[in-house]
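Please read them beside the sequence and the structure.

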Amino acid sequence: MAKIMGFEGSANKIGVGIVDEEGNILANVRHTYVTPAGTGFLPKDTAKHHQQHILGLVKDALTQAKLTPQEIDALAYTKGPGMGGPLRSVAVVVRTLAQLWKKPIVAVNHCVAHIEMGRLVTKSQNPVVLYVSGGNTQVIAYSLKRYRIFGETIDIAVGNLLDRFARVISLPNDPAPGYNIEQIVGQKFLELPYTVKGMDVSFSGILSSLEDIARHQLAQGKCTPEDLCFSLQENVFAMLVEITERAMAHCGQSEVLIVGGVGCNERLQEMMKQMVEQRGGRVCAMDDRYCIDNGAMIAWTGMLMFKSGITTPMEDTWCTQRYRTDAPEVLWRDD
């Protein structure tokens, strides 16, 4: 039975996973680069973090899966999208191991990997996908061998919005800014911009408004950090639910799959569930094991590609910061 090792390092998480061709997750280990409260993570520092931890994770994954390198059939890695330095750091390790172990390489689209991992874990067949992460916000549906983007952010991603707002009110980055926002929500709703343009959304105006409110009302004691967190989540998640429902209606689908790091948010899952159940459907959601960037999602998508006859020549094992969800052809799906 074929087994593939996957490497994910497009942002601040470095992960290594191993799966077999039946979709069993044999190993899924990762390490997160955490910076001090009020700061973000720079590409060069993130790349250094990945370089320091990746070989240890490879050993841990092999131990967890009870396998040797000889029992691995191929290596899959994230081609993009993501941060340049971290992506390149992981690709160099993959190229090196592939030559040492004499294994083929499969270059994987990060966004498609989130979708395929979600389909595997939740048993969802053909859903409308809401992909929400630090670098991406898209509503997606499959059609004619591609994952088609029906709507997306026209400026910053929702995860980036949450991260930058967390810095405004000095929330810690451990375990994640978005998770810490979710934990302190209050009950007072403050009006914020609600910017939905057809199937697209805009978040930069919301961030500017929050910064202004924090600078004046928060400083004067007219509201609390909990009020800001509550207002942010209710406003932004309502926008995401709206465009997802519009995509469901257009595609005639009854399932919604939420993927990406922000997809772990229980309030987002709750709001989406209310909408989808009113339409007689179901929400497919995951916890942080598989929603947040991980090596297993790269390994599983690599497996689907590998079984479809797709491998990547060594000279083409480069990375790109921009790799659209609808760019790769989805040869492994027949529906």
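This is a predicted model: local features need pLDDT of at least 70, side-chain atom pairs count only at pLDDT 80 or more; totals for chains, interfaces and linings use all residues.

1. The search over the whole structure finds 0 disulfides. Cys-111, accordingly, takes part in none, and the nearest cysteine sulfur to its own, that of Cys-291, lies 14 Å away. With a relative accessibility of 1%, Cys-111 counts as buried.

2. The contact between two helices deserves a separate comment. Helix 3, residues 110-122, and helix 10, residues 295-307, have axes that come within 8 Å and cross at roughly 90°, and because angles of 65 to 115 degrees count as roughly perpendicular, that is how the two helices are described. On the side of helix 3 the contact is made by His-110, Val-112, Ala-113, His-114, Glu-116, Met-117 and Leu-120, while helix 10 contributes Ala-296, Met-297, Ile-298, Trp-300, Thr-301 and Leu-304. By class, the residues of this contact divide into 9 nonpolar, 3 polar and 1 charged.

3. Turning to the strands, strand 7 (residues 137-143) and strand 8 (residues 146-152) run antiparallel and are joined by 6 bridges. Ser-143 stands opposite Arg-146 of strand 8, and the hairpin that the two strands form has 2 residues between them, with Leu-144 adopting a positive phi near 50°.

Note on methods:
Residues are numbered from 1 along each chain as its sequence is written. Side-chain values use heavy atoms; hydrogens and water are left out. A disulfide is a pair of cysteine sulfur atoms within 2.5 Å. Buried means under 20% relative accessible area, exposed over 50%, partly exposed in between (1.4 Å probe, protein chains only). Two strands pair if DSSP finds at least two bridges between them. Helices (H or I, at least four residues) and strands (E, at least two) are DSSP runs, numbered from the N terminus. Axes are lines fitted to C-alpha atoms, for helices over the stretch in contact, and angles run from 0 to 180 degrees between N-to-C directions. Angles under 35 degrees count as roughly parallel, over 145 as roughly antiparallel, 65 to 115 as roughly perpendicular and the rest as oblique. Contact means heavy atoms within 4.5 Å. Ala, Val, Leu, Ile, Met, Phe, Trp, Tyr, Cys and Pro count as nonpolar, Asp, Glu, Lys and Arg as charged, and the others, Gly among them, as polar.
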